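Hi everyone, thanks for making the time. I'd like to walk you through a few local details of one model, so please have the viewer open.

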Amino acid sequence: MNQITRTSAMKLPLLLILPLITVLCHGAQTMDLSGRWSFQLDADKVGVDQKWYGKALEDSVNLPGTTDENRKGLRNTERVDDRLARPWKWIGAAWYQREVDVPGDWEGKRVTLFLERTKNCQVWVNGVYCGWDDSLSAPHVHQLTEAIRPGAKNTITLLVDNSIMPPVGPSHAVDERTQTNWNGVVGRMELRATDRVWIESVKVLPDIETNRANLRVMIGNQTGADAEVEIRVRGRSVNVDQPETFDELSGPVKVDKDGREWTSTYTPEKTMPLWDEFNPALMELELEIKRGASVESKTVRFGMREFTRDRNLLLMNGKKVFLRGRIDCCLYPLTGYAPMDMQSWLRIYGILKDWGINHVRYHTWCPPMASFEAADELGFYLQPELPNKRSAFKAPDNADAAEYNIDYLAVNDSDAKVSLYDYGKREGELILQYFGNSPSFTMFTLGNELGRNEGMFELVRHFRSIAPDKLYAQGSNNMHWNPSFAEGDDFWVAKAITDDRGNPLPLRGAYYHYTNYKGHIDHQPPSTMVCYSDTISGVPAPMISHENGVYEVFPDFSEIPKFTGVTRGWNYELFKERLEATGMGDQARDFQRASGALAAICKREDIESALRTPDLGGYQLLDIQDFAGQGTALVGMLDLFMDSKGIITPEERRRYCNPTVPLLRVKQYTWTRDEPIRGRVQVSHYGPEDMEDAVVTWSLVDQAGKEIDGGAFDPVTLPQGELTEIDLFCAKVPAEGPAQKLTLWLQIKGTESRNNYPLWVYPPTVDTRVPEGVLVAKSYADAGTQAHLAKGGAVLLLPDPETLPHSVPSAFKAGFWSPMFMMGARKRGLEDPPVTIGMLCDPEHPALRHFPTGFHTNWQWWYIISKSRFIILDETAGDYRPLVQAIDSIGRLHKLGLMFETKVGKGRLFVCAADLQGHLDQPEVRQMLHSLLQYVGSEEFKPGHEIPADLLDKLLVP
């Protein structure tokens, strides 16, 4: 039995454990290989047969880097609208070569080549073949001991072929629509020399109850004989206010000639600090082995934490966790690949934290070591995945996955050397080996939107057996065409579920138009009452909402000059040119602001409906950042460069995207003055501890900021991890005055937790009598309508929206995801789904004088837009603008009007395509009708344009 002892000679017990960890290597002598390398493309793949590893290559490049960064490959001028473009593109074989002087004192050492991230790669040293690797997630480490010549020049040759892909399909690790399928080597490139007896890997499993770190150390031996080493373990805390050193333990270990696994525990006398999102305290263990005069060491960084689940709850160190997540699809437009350095990742996670995010799912890829290290320091919960979008684990690919994925792409047809099952098993083991000790690495799945088969169950069981300190699932949103829980999964990421009776139950606010799922944002009148308790009821695992908050924002064309790296925003340029061709080019910025404002409103409702659901595990947004693939899905509050679009501020976002959020529960956003505003207040609290004697205040203010009513609730204790009912309130509003927008503020006294809600108050009755000289008509072609116009009269036309012949369907929410879904509907012979992304209006226009509104859509427009149609005004003059304009999707770009005016000979015509008559029981609709009637009956109604008579017939006559 092997023992290590404290310096005080206390003996520690031996304990075998299985989890994998991350190792920071400091013991090896290293030679940095970054710099200028010889280079040659191999379009015909003749290099191996012609022994290019033994000849001088013709060109040169800088490594680490890619062919794109070095401007090598084929010049690409293709402009497509569904992704970014690569000006320099190479898919195929590329050779890299460098001569290095290897120190003479490396004689007798074990020498390896470390390539932090690359693609299918073969290695030769001095003409000797040293193997290949095709991991997309982990470093490639090649044994060079027998081929290297210490004290002399050595030629290292790499063959990287990114046309030979593992059998993973179009995962975001290789997808041209995300990080691109680049060729090259990125990250660290090093030769490493160690003693012939060395520490190969270290695995740690923290036990927070007993204050111990269970160790499993793999010790390699290339001496050809048994060896004896002295092992020493030192501990220290880092990333804490007051770092401490912990006990030093030591003892002898015998190592067989083939190496051995040595296990023990590290149990210091002082208590090691716990890690979580609020206090991301880290521990480091330095492990050192000494053989004679040779000393080898590795430093292991880990966190004392326990991430578990209790039925449907996620727990960190026994406390409930709510994941406020985003999905990282590996969009890094300057490089075409994810950053490999710590500073870049600290910036990324710092931005996310500023916007209230505490969780990241890496969609079908695994980030590099620097990402985990930064997440460890800042306190994030990460869900990396196998780089995989296929289900063929010991089974054929699932046909339903192909049929129901709107953007389904054929799997890569290159000759894979292994099956998906074998590749996925090895890839997962490597991910867990290299990154598994990071405390931020809390969840792991096999990929995105897969099917289901026994091979997937096997892999989940296998990964859990070797790293039980994480939670596992077969995939994210698997079986999405018929959602059901996979027994054995620790959590369930889903967009919805189907109950025992086949009824669809939603788990987010919006869905593709042609599905059975009806999101409440479009299909239920606006309120703050929706939650998903019925959806998650009875599910035996934590549920996490999949890819919610998917609302389009119009492009910001000022981003185009930012594309100075390996990709170009030529899709942005295409949309800009198309917009200019419609005559609406001058409206681009207004479209971006107005669509962004509506997207923010809808995203907020998605987030708050999740917060209103007790014991929901959390949500994963697609995304807080734009996703320039899959039809160009500009769904972020941040652009592709992680810069704010200026739609809302981080402070505004954190009001409802934070550990502690006051929530308003009301049945509607619009009220009349003869009724008080009644509602109740809750607080969602996932902070570090219970909050005792919390005082929640409320205040109703007008547009000038003057308080109308307010008060404070009795002090309460807010239990950690609970949605707490505070109390009811009843706010009085002024009995007289015009319609106006009010704001209800909620705040937890003495804290930064505050939230606010827009509410609209209208007179209980409003004058909707038709002014003298005005005709309200339903039919433009009606003889009475035409006669009135011919006499120079004013007409307010309120046609039945369903009779409008040249129009498109409307919806309240911003368009779903991207134009990809509209194209999918067209391929199926269906009418375009609602794809508009909000409305633009001038709130100061006299037509809206009596209808309080901003320049964009908000909740008081819901009934006005509901069951309406937007009229296509493409054939009007280029400078003609409707008074209330719908912003069309970038995939279609019609000029669309909900309300517009025109001269008709001597007459004046105002067209409103909203179904006002069908919703006059709603105060905001009555108010809109009143405002339009007052305008049309006034001297201010003087249309400046005249739409040709034949075009009006086309637009308005069924």
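**Helix pairs, a helix end and a buried glutamate**

Let's begin with a crossing: helix 4 passes helix 5 in a right-handed way. Please keep in mind throughout that this is a predicted model. Helix 4 covers residues 420-435 and helix 5 covers residues 454-466, and the two pack at an angle of about 20° with their axes 11 Å apart. An angle under 35 degrees counts as roughly parallel, and helix 4 and helix 5 are therefore roughly parallel to each other.

Which residues meet there? From helix 4 we have Tyr 421, Gly 424, Lys 425, Gly 428, Glu 429 and Leu 432, and they meet Gly 455, Glu 458, Leu 459, His 462, Phe 463 and Ile 466 of helix 5. Sorted by class, the contact of helix 4 with helix 5 has five nonpolar, four polar and three charged residues.

Now to another pair. Helix 1, residues 342-354, packs against helix 2, residues 369-378, at an angle of about 45°, and their axes are 8 Å apart. That angle makes helix 1 oblique to helix 2. The crossing of helix 1 past helix 2 is right-handed. On the helix 1 side, the contact is made by Met 342, Trp 345, Leu 346, Tyr 349, Gly 350 and Lys 353. Helix 2 contributes Ala 370, Ser 371, Glu 373, Ala 374, Ala 375, Glu 377 and Leu 378. In terms of class, the contact between helix 1 and helix 2 holds eight nonpolar, two polar and three charged residues.

Just after helix 11, Gly 792 takes a positive phi of about 90°.

My last stop is Glu 547, which you'll find in strand 34, residues 543-548. Is Glu 547 buried or exposed? Its relative accessible area is 4%, and the cut-off for buried is under 20%, so Glu 547 counts as buried. The side chain of Glu 547 makes a polar contact of 3.4 Å with the side chain of His 546. Leaving aside neighbours within four places in sequence, Glu 547 is in contact with Ile 327, Arg 361, His 363, Asn 448, Glu 449, Arg 508, Gln 620, Leu 622 and Trp 817.

That's my tour, and I'm happy to take questions.

Key:
Residues numbered from 1 in each chain as written. Predicted model: local features only at pLDDT ≥ 70, side-chain atom pairs only at ≥ 80, totals over all residues. Heavy atoms only, no water. Axes fitted to C-alpha atoms, helices over the stretch in contact; angles between N-to-C directions. Helix = DSSP H or I, 4+ residues; strand = E, 2+ residues; numbered from the N terminus. Parallel < 35°, antiparallel > 145°, perpendicular 65-115°, else oblique. Left-handed = near helix turned anticlockwise from the far one by under 90°. Contact = heavy atoms within 4.5 Å. Nonpolar A, V, L, I, M, F, W, Y, C, P; charged D, E, K, R; others polar. Buried < 20%, exposed > 50% of the residue type's maximum accessible area, 1.4 Å probe, protein only. Polar contact = N/O pair within 3.5 Å; in protein donor to acceptor, adjacent residues only side chain to side chain.
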